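Please look over the model below.

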Amino acid sequence: MGTSRPGSPARAVRAVRAVRAVRAVRAGHSAVVTALLTAALSISLAAGCTSGSREPSPDDGRTTSVKPSPSGTGPTSVAGSVLAVKIDNAPDARPQTGLDTADVVYAEQVEGGLSRLMAVYASTLPKAVGPVRSARESDLELLRQFHEPVLAFSGAQGKLLPLIDRAPLDAVTPEDASGAYFRGGDRAAPHNLFLRPGRLLPGAPGAAALTTGFRYGAAPPGGTALPSLTVRYPAARFTFTWSADRARWLVSTDGAPTVTADGRRVAPATVVVQYVKVRASGFHDFLGNNTPYTETVGAGKARVLRDGRAYDVAWRRPAAADGTEFTTADGSPVDFARGQVWVVFAQRP
């Protein structure tokens, strides 16, 4: 696994790996499956593990991760870890909870041309976040810029689980920390799963944990006055409208104002429309739709919106462990306005 949980015995870890090996071959020979199941059960019993029933995850046909957790509620992160939460952005999932307190919100295209969000928390941990949904392969590359981040999600495509398991992060699903998640009663599954961040992290790690490469300060010279900008996916769209009164960009999703469950309008100080390559991945949902892979390592063009103006800039991220640099035409770094940042990944022309 990317990071081992405190108090998790090595034998229990081996038991989980054995179970995942069973998943990988369950379409194969039954004799091998039986042998692996027997080995996994023996190791688990020797480690003193207990098992309980798990609620099926009705999340795009994806399966859930199975990792040992010492308590199901206690902190699982190392000091200084940011919390990244995959947030549902389907119409039935709105309004979301806790979205306005994230330091950074990433928007990506998923199956069927829809959108999904990843909210990153470092400065403040809200009481609740959600609805929580499944992870994607692109998330692993995007999260490499942080030191051992905690990734909260509700499941993943079965073949993706080994990649998540090997990634340098702490992946936490409801099966890993059941006391940190709860179901809301005002909407139907799968759009009703929420997270209590305080059950995963002992406290907010602070802004220093945001190793994104972002810089904050005065606006660069130039730019073009821009009242609003819309970014379109095949089946979703985001509009950012400048509010001089609030000195923020008001977010709208699919033509409706983006508000939180307590009625607060989501309004970042800076919006980055980052043009990237969005290609087909090796994964599909249960309907056979391919999962897009958003490439966030490389270089390209972007538009930075701040202070009611738009700046055409270049972006560069040499390796997955690096943050992303934004520069003007003469190579000068671009500073963002202080406050929440939205990064919307859009297909490059």
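In β12, L250 is the bridge partner of T241. F240 faces V251 of β12. The strands here are DSSP runs of E with at least two residues, and helices are runs of H or I with at least four, both numbered from the N terminus. Two strands count as paired if DSSP finds at least two bridges between them.

This is a predicted model, in which local features need pLDDT of at least 70, side-chain atom pairs count only at pLDDT 80 or more, and totals for chains, interfaces and linings use all residues. Residues are numbered from 1 along each chain as its sequence is written, and side-chain values use heavy atoms, with hydrogens and water left out.

β11 has antiparallel pairings with β10 and with β12. The table gives both.

| Strand pair | Bridges | Residues between the strands of the hairpin |
|---|---|---|
| β10 and β11 | six bridges | two residues |
| β11 and β12 | six bridges | four residues |

β11 covers residues 236–243, and β12 covers 248–253. R232 has R237 in β11 as its bridge partner. In the hairpin of β11 and β12, A247 takes a positive phi near 55°.

These strands belong to an open antiparallel sheet of four, in the order β10-β11-β12-β13. Its edges are β10 (228–233) and β13 (256–257), each pairing on one side only. In a regular strand, side chains alternate between the two faces of the sheet.

Now the whole protein. It has four helices and 21 strands. Contacts are heavy atoms within 4.5 Å. Among contacts between residues at least 6 apart in sequence, 66% join residues at least 24 apart. The accessible surface (Shrake-Rupley method, 1.4 Å probe) is about 14,900 Å². Carbon and sulfur atoms account for 54% of that surface.

What space is left inside? The structure holds three cavities of 30 Å³ or more. A cavity is a set of points on a 1 Å grid over the protein atoms alone where a 1.4 Å probe fits but cannot get out; lining residues have an atom within 4 Å of a point. Grid points are joined across faces, edges and corners, and the volume is the space filled by probe spheres set on the points.

The largest cavity has about 60 Å³ of space. Its lining includes Y106, L142, F214, R317 and F345. The lining residues divide into five nonpolar, four polar and one charged. Here Ala, Val, Leu, Ile, Met, Phe, Trp, Tyr, Cys and Pro count as nonpolar, Asp, Glu, Lys and Arg as charged, and the others, Gly among them, as polar.

Key: On a 1 Å grid over the protein atoms alone, a cavity is a set of points where a 1.4 Å probe fits but cannot get out, and a pocket is an open set with protein on both sides within 12 Å along at least five of seven lines; lining residues have an atom within 4 Å of a point.
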